Amino acid sequence: MAGTAIVGANWGDEGKGKITDAFAAKCSVVVRYQGGANAGHTIINEFGKFALHMLPSGVFHPHVTNIIGQGVALDISKLLSELDELAGRGVPDPALRISLRAQVVLPYHKWFDELEERRLGEHAFGSTKAGIAPFYSDKYLKLGIQVADLFNIELLRAKLAHSLVSKNVLLEHLYGQPSLCPDSIADELIQLGERIKSYVCDTTMFLQEANRRGEEILLEGQLGALRDPDNGIYPYSTSSSTLAGFAAVGAGIPPYAIKRIVAVTKAYSSCVGAGPFVDEIFGEEADELRRLGGDAGEYGATTGRPRRMGWFDAVATRYGCMLQGATEIALTNLDVLGYRDTIPVCVAYELNGIQTQEFPAAEELNQAKPVYMELQGWKEDISGVRCFEDLPELARQYVLTLEELIGVPIKWISYGPRREQLMEKM
Ligand code: GDP
């Protein structure tokens, strides 16, 4: 029995939600340990199609306890609307627990996110405006509100009043906006707190005990390795660590409880938002891949923004898997490539006239050019194939080539968006 982290090897949107939903059938706990409502996990199963932003991807399995850990940016309104949506679409009430140490995304975090992106103009980061950067800034400024604070009304009012002193100066003098009243925000939060009270507990104790009992725990990452603030494409990174190493922190379990790390990567590349994307493709080539990719084209699950497209990037993926400490890979969207005669794969970057297989840092990344190798396409629909041996020879070769380039075993192949379209490669 083990803790298993399911994490992104790239820029996010790799298909982690689908893999978590499928793996959850065989585990008892699914934990979200970082990030917030700024990214969506798409899941297609017997209940229909869902884009989960706040809820862990185990919510479709009645036997699974779903945990929102203390590393998460908890958007309570979003969480409640997702719970309502599930109920309205016939999903049995999920078992949910929320860490009393998790911090709450406040209305002004979203407002500051919006105002700052507007102020930055052409230098904006492409934020989803879910309040994530202002939320984590407040956390590290020690101005955050923990879930437990929602049930201590006097303390909550005092904390908000303290926090708004500096925020109101910014609102008035930097952004030219009216100042905010702590009491009306407190009233709203108290009401939201009442609505989640029955889910709130010490999830660290719950997880520590589940781990001691040897239960199977899934830790579900948000976004991907290249968005990690310390190791990724800073400043086009997110605000919390996207790495499996952080799962122990954001969930509250021992690092050595995580035995398996499944890095999810697509059979091609996609990326939402601004920042360097070395093997990006454009024009008709990109439009075609975007149209045919994912379950209904490659458009952001949160924003609906068209994703930027590229071919499989072995340099970025090898780096991402290394950061994650991947013990195995789940390769998704292999079915999408069935339309190509040949498929380019980025095997190196060229930097100042020299080829490298290492992922460059900072400004050098903007100068890097992709070096491609062309593989033969299989030109077949593989969405009905059940095992690796039954895949067309050229599709198998494609998978084995990626495996060799990344240097980590590809153990899972997803060949369609539905839960059951997943094979184990022995
Ligand atoms: P996540 O945030 O990592 O869970 O990824 P997203 O849900 O944002 O994006 C993954 C997209 O790929 C979604 O549209 C999924 O429905 C889709 N998807 C996942 N696996 C497969 C697959 O094997 N084939 C196809 N065609 N689509 C897939």
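A pocket is an open set of grid points, on a 1 Å grid over the protein atoms alone, with protein on both sides within 12 Å along at least five of seven lines. The views below show a predicted model.

**View 1. Domain division of the protein chain.** The chain is divided into domain 1 (3-100 + 202-219 + 241-262), domain 2 (103-196) and domain 3 (264-424). Taken over C-alpha atoms, the centres of domain 1 and domain 3 are separated by 25 Å.

**View 2. The largest pocket.** The volume of the largest pocket is about 960 Å³. Its lining consists of 46 residues, and those closest to the pocket centre are Phe-125, Ser-127, Ala-133, Ser-237 and Ser-239. By class, 22 residues of this lining are nonpolar, 14 are polar and ten are charged.

**View 3. Helices in the lining of the largest pocket.** At least two lining residues come from each of helix H3 (107-120), helix H4 (132-140) and helix H5 (153-174). H3 supplies seven residues, the largest share of the lining.

**View 4. The second largest pocket.** This pocket has a volume of about 450 Å³. Gly-15, Thr-42, Gly-294, Asp-295 and Arg-307 are the closest to its centre among the 32 residues that line the second largest pocket. Two or more lining residues are given by each of helix H1 (16-23), strand S3 (41-45) and strand S4 (48-52). With four residues, S3 gives the most. The lining of the second largest pocket divides into ten nonpolar, twelve polar and ten charged residues.

**View 5. Domains around the second largest pocket.** Domain 1 and domain 3 each contribute at least three residues to the lining of the second largest pocket.

View 6. The size of an interface is often given as the accessible area lost when the parts come together. Between domain 1 and domain 3, the buried area is about 2800 Å², with 52% given by carbon and sulfur atoms. Trp-11, Asp-13 and Lys-18 are the residues of domain 1 that lose the most area to domain 3, and together they account for 27% of what the domain 1 side buries.

**View 7. Salt bridges between domain 1 and domain 3.** Five salt bridges are counted between domain 1 and domain 3. A salt bridge joins the side chains of Asp-21 and Arg-419, at 2.8 Å from N to O.

How values were computed
Residues are numbered from 1 along each chain as its sequence is written. This is a predicted model: local features need pLDDT of at least 70, side-chain atom pairs count only at pLDDT 80 or more; totals for chains, interfaces and linings use all residues. Side-chain values use heavy atoms; hydrogens and water are left out. On a 1 Å grid over the protein atoms alone, a cavity is a set of points where a 1.4 Å probe fits but cannot get out, and a pocket is an open set with protein on both sides within 12 Å along at least five of seven lines; lining residues have an atom within 4 Å of a point. Grid points are joined across faces, edges and corners, and a volume is the space filled by probe spheres set on the points. Ala, Val, Leu, Ile, Met, Phe, Trp, Tyr, Cys and Pro count as nonpolar, Asp, Glu, Lys and Arg as charged, and the others, Gly among them, as polar. Domain bounds come from an automatic or database domain assignment. Buried area is the accessible area (1.4 Å probe) that two parts lose on being put together, summed over both. A salt bridge is a side-chain nitrogen of Lys or Arg within 4 Å of a carboxyl oxygen of Asp or Glu.
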